[in-house]
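Open the model in your viewer and keep the selection panel to hand.

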Amino acid sequence: SPSAGTIIKRAVNRGQNVDAGTELVVIADLSTVWVIADVYERDMTAVTRGASARVTTTALPGRTWTGRVTYVDPQVDPATRTLKARVEVTNPGLALKPGQLVDVALGVAAAPSVLVPVTAIQQMGEQRLVFVPSGAAGRFEPRAVTIGRISGQVAEVLSGLAAGDRVVIEGAFALKAEYERTGGTV
C-alpha cells in the first residue's frame, strides 16, 4: 500500500470477489486525532478557533492530551442545544481510539474578570446589587452591578466592582431586606 497507518475499516475478506471501485479498507493516520467536543449553547461565544484544550478519558486514568480548537461549527444542534468544536490532538502511542468517549476542557483566552458568589447578588426591581462595606464600621452600602456569565455558584461582574473589592456573601439577603425596610440605610 502506498499509505501507512491503521486499518479502521475492512470491507473485504480473503478470496472474496470485488468489483472495481469497491472500497476495500480505510486506513487512517492516528498519530493526530480529531476530538469532537459538544459545547453548551451558553458557552459558545467563549470558544474560538485556536483555544487550547485538555483531553482526558476514564479509560486511561492519569493521562492527559493537549490540543487546539481548529474548527467551531456555526450551527447549534436543536436537539442537544450544543455546537461542535473540533480539537486536534497529537496521539503518541496511538492511545486514543476512534469513537472513544473523552472529556474535553476548553481553555478560553479571556481578560481577567471579577467574580463573586451568586449569593452576594441581590435583585431590587430591575437592578442587581451587591453590598460593600462603607466607611463606617459595621455599615454597608448597596452597589449596582452588571452581571455577565454565571457558572455554577459564581457570577462574572462586568461593571460596578473592581478586583479586590469586598462584598457581603452571607447575609446579603438580610441586608437587602433591611435596606428596603428602612428606605436606604444599612
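Leaving aside its neighbours within four places in sequence, which residues is V33 in contact with? Select V33 together with V87, E88, V89, N91 and L96: these are its partners, where contact means heavy atoms within 4.5 Å. The model is predicted, with local features needing pLDDT of at least 70 and side-chain atom pairs counting only at pLDDT 80 or more, while totals for chains, interfaces and linings use all residues. Residues are numbered from 1 along each chain as its sequence is written, and side-chain values use heavy atoms, with hydrogens and water left out.

**The cores**

Next, select V33, V35, V55, W65, V87, V89 and L96. Within the largest nonpolar core, which has 18 residues, these touch the most other members. A nonpolar core here is a set of buried Ala, Val, Leu, Ile, Met, Phe, Trp, Tyr and Cys residues joined through side-chain atoms within 4.5 Å; buried means under 20% relative accessible area, with a 1.4 Å probe and protein chains only. Strand 3, strand 4, strand 5 and strand 6 (82-90) each give two or more residues to this core. Strand 6 supplies the largest share, four residues. Another core lies apart from it and has 12 residues, including I121, V145, I147 and A155.

**The sheet**

Now show the cartoon and colour the strands. Strands are DSSP runs of E of at least two residues, helices are runs of H or I of at least four, and both are numbered from the N terminus. Five strands make an open sheet with antiparallel pairing, in the order 3-6-5-4-7; two strands pair if DSSP finds at least two bridges between them. Strand 3 (32-40) and strand 7 (103-106) are at the edges with a single partner strand each, so one side of each has no neighbour in the sheet.

S52 has R68 in strand 5 as its bridge partner.

**The whole chain**

The C-alpha trace spans about 90 × 35 × 25 Å along its principal axes. Of the 186 residues, 25% count as buried. Among contacts with a separation of 6 or more, 53% are between residues 24 or more positions apart.

Note on methods. Buried < 20%, exposed > 50% of the residue type's maximum accessible area, 1.4 Å probe, protein only.
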